[in-house]
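Please keep the sequence and the model in view while reading.

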Amino acid sequence: MKEQNLEKYLSGGDCSVAEAMAQIDRNAKGIVFVADEEKHLLGSVTDGDIRRWLIRTGNLAAKISQAMNQRPRYLLNGNTQKAAEYMKENVIGAVPVLDADRRIIDIIFGTDGFLRKQKKRNTLAGTPVIIMAGGKGARLYPYTKILPKPLIPIGDIPIIERIMDRFCTYGTDEFYLTVNYKKGMIKSYFAETSPPYRIRYVEEDKPLGTAGSIRLIEDKFTSPVFVTNCDILIEADYGDILDYHRRSGNRMTIVSALKNIVVPYGVLHSQEEGIVTSMEEKPSLSYFVNAGMYILNPDLLKRIPEDTFFHMTDLVKLLMEEKQQVGMYPISEDSFLDMGKFEELFRMEGKLERREGRYTNAFQGKDG
């Protein structure tokens, strides 16, 4: 591996957890190796390591050296022929190669699907999934004057079908769709495509908000329920999200995505009398945002008032006011794709295009 490429996967121990998450997003390999200035290996940190750190501490500003694995796996130069077997035995997707002075001189990665093959399948078998698909999609007008938001294609596949296909890879075979605006088109689409899963439609007679329509479901659930918006894609291990929810004791778990916001100006810090004490050029602010995917304990569905306009955020506030445990499952910024706004829609298309190959955008009529 060339030295300039090696740098994509190396981080100094003084970088923050937020900066390491951003670097993992950029290199798209799920890991960075922590090294000193001379590239001596100090540790490794995966997106999973960061997630566990954030769940435990919530500290994005901490140095990555606090969250890293201080005993990372590695191979010495000359033993690289054992790399594939070594990664398989240790269930890792990457291994650094060190010289005699413990400096990183190369990194060997497993095949793209290696770690995914290690994940359990059917981890969501029997888990209900509710998709809130009744909104008008006003932010995507005039697209939504023609199609309901759930049927807007990303490439040649409607966003809602992409969401359902992703759940299906974890064993989901039944969905509840809350529908209102242009609901006939949604029902007709799935009637014609005959998907390999069962869809139950929950029809609103009037807008009830992002949670109000869920109260219309007559079935009784006995296990935690996934609830998701119809305009997002979450790249995460859904089985792990459910397992975390169960282990944590949360009444509700909110999937939360890192959002980095760069202030496009030099920021002044001052004291009394307007004296400038320092200046910070284009600082970055980091926050976790609600990604629009939730896991609810089944009894919470009855807490949603009947025939009332009610949002999921109203339910969150209600639970917090009652001191009931609401937790979050953090994911990286690049693991959250949102098509609620035009610029985010095009970002989603671009990312999926790079992953899946070239396609013609149904609305823009351009190749790639």
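**The second largest pocket**

The second largest pocket has a volume of about 720 Å³. A pocket here is an open set of points on a 1 Å grid over the protein atoms alone, with protein on both sides within 12 Å along at least five of seven lines, and a cavity is a set of points where a 1.4 Å probe fits but cannot get out; lining residues have an atom within 4 Å of a point. Grid points are joined across faces, edges and corners, and a volume is the space filled by probe spheres set on the points.

In this predicted model, local features need pLDDT of at least 70 and side-chain atom pairs count only at pLDDT 80 or more, while totals for chains, interfaces and linings use all residues. Residues are numbered from 1 along each chain as its sequence is written, and side-chain values use heavy atoms, with hydrogens and water left out.

The lining of the second largest pocket consists of 34 residues, and G135, K149, T210, N229 and H311 are those nearest its centre. Two or more lining residues come from each of strand 7, helix 10 (209-212), strand 17, helix 12 (312-321) and strand 19 (336-338). Strand 17 supplies the largest share, 5 residues. Helices (H or I, at least four residues) and strands (E, at least two) are DSSP runs, numbered from the N terminus. By class, 14 residues of this lining are nonpolar, 14 polar and 6 charged. Ala, Val, Leu, Ile, Met, Phe, Trp, Tyr, Cys and Pro count as nonpolar, Asp, Glu, Lys and Arg as charged, and the others, Gly among them, as polar.

**The chain as a whole**

The protein chain has 13 helices and 19 strands. Of its 368 residues, 46% are buried. Buried means under 20% relative accessible area, exposed over 50%, and partly exposed in between (1.4 Å probe, protein chains only). Among contacts with a separation of 6 or more, 66% join residues 24 or more positions apart; a contact means heavy atoms within 4.5 Å.

**Strand pairing**

Strands pair if DSSP finds at least two bridges between them.

| Strands | Sense | Bridges |
|---|---|---|
| Strand 7 (residues 129-133) and strand 12 | parallel | 4 bridges |
| Strand 12 and strand 17 (residues 284-296) | antiparallel | 4 bridges |
| Strand 4 and strand 5 (residues 94-98) | parallel | 2 bridges |
| Strand 15 (residues 266-270) and strand 16 (residues 276-281) | antiparallel | 5 bridges |

Strand 12 (residues 225-229) is mostly covered, with 4 of its 5 residues buried. Within strand 12, T228 stands opposite I131, and its bridge partner in strand 17 is M293.

Elsewhere, 3 strands form an open sheet of mixed pairing in the order 4-5-6. Its edge strands, strand 4 (75-76) and strand 6 (104-109), each pair on one side only. L75 stands opposite V97 in strand 5.

**Nonpolar cores and the cavity**

A nonpolar core is a set of buried Ala, Val, Leu, Ile, Met, Phe, Trp, Tyr and Cys residues joined through side-chain atoms within 4.5 Å. The largest core has 42 residues, of which I131, M164, F167, L177, F226, I234 and Y238 touch the most other members. Helix 8 (residues 159-168) gives the most to this core, 5 residues. Another core, of 22 residues, lies apart from it and includes V225, I304, V316 and L319.

Leaving aside residues up to four places away in sequence, I234 touches R166, V255, A291, M293, I331, S335 and F336. The search of the whole structure finds 1 cavity of 30 Å³ or more, and about 30 Å³ of space lies in the largest cavity. Strand 13 (residues 232-234) gives the most to this lining, with 3 residues. The lining has 6 nonpolar residues, 1 polar residue and no charged residues.

**A partly exposed lysine**

K259 belongs to strand 14 (residues 252-262). K259 counts as partly exposed because its relative accessible area is 33%. The C-alpha atoms of K259 and L285 are separated by 8.2 Å, although the two residues are 26 residues apart along the chain.
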